[in-house]
Amino acid sequence: MSQQYSDDQISAAAAAFAAGDVTYHEGVRVTLPPAPEAEPMVPLGIRVPPALAQRVRAAADQAGIPYSQLIREWIELGLTDMAGDLTVSVAVLRRAIAHAAQSGHAA
């Protein structure tokens with residue numbers, strides 16, 4: 001659970017820290033923030049027609065995942081196919097098969 005602090009609270013905390021008025025208790029348990037993703041993400045801007053964007057978002061909604069994750073998976077599948085590489089996650093394959101079946105592209 002994250003807590004929002006006001007600008008005044010943040011300023012007061014910074015002033016207390018700068019003045020050396022902060023006491024540390026090593027025995028106090030704290031909740032650490034979640035670990036960052038295994039790999040940093042780089043934004044990749046693409047331009048698509050509105051109808052295509054709608055279809056991508058609808059496919060992501062149907063798969064129950066964020067659309068950016070779905071696009072990453074599609075890119076991974078396409079690059080894997082182009083390289084003739086056989087290494088791809090099972091989750092990505094399952095979603096690709098389900099999408100192909102739903103869109104009528106399955107043989």
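Author: Here is the pocket, then the nonpolar patch. This is a predicted model, where local features need pLDDT of at least 70, side-chain atom pairs count only at pLDDT 80 or more, and totals for chains, interfaces and linings use all residues. Residues are numbered from 1 along each chain as its sequence is written, and side-chain values use heavy atoms, with hydrogens and water left out.

The largest pocket holds about 540 Å³ of space. Of its 17 lining residues, Leu44, Ile46, Tyr67, Ser68 and Ile71 are the closest to the centre. (A pocket is an open set of points on a 1 Å grid over the protein atoms alone, with protein on both sides within 12 Å along at least five of seven lines; lining residues have an atom within 4 Å of a point. The volume is the space filled by probe spheres set on the points, which are joined across faces, edges and corners.)

Helix α3 gives the largest share of that lining, seven residues, and α2 (50-63) supplies at least two. Helices here are DSSP runs of H or I, at least four residues, numbered from the N terminus. Ser68 lies in α3, and its C-alpha is 10.0 Å from that of Leu44, though they're 24 residues apart in sequence.

Now the patch: Leu44, Ile46, Val48, Leu52, Ile75, Leu79 and Met82 make a nonpolar surface of about 720 Å². Helix α3 (residues 67-83) again contributes the largest share, three residues. Nonpolar side chains (Val, Leu, Ile, Met, Phe, Trp, Tyr) are joined within 5 Å, using residues with over 30% relative accessible area and no salt bridge; a salt bridge puts a side-chain nitrogen of Lys or Arg within 4 Å of a carboxyl oxygen of Asp or Glu. Areas are Shrake-Rupley values with a 1.4 Å probe.

Technical notes: Patches are made of residues with over 30% relative accessible area and no salt bridge: like charges are joined within 9 Å, nonpolar side chains (Val, Leu, Ile, Met, Phe, Trp, Tyr) within 5 Å. On a 1 Å grid over the protein atoms alone, a cavity is a set of points where a 1.4 Å probe fits but cannot get out, and a pocket is an open set with protein on both sides within 12 Å along at least five of seven lines; lining residues have an atom within 4 Å of a point.
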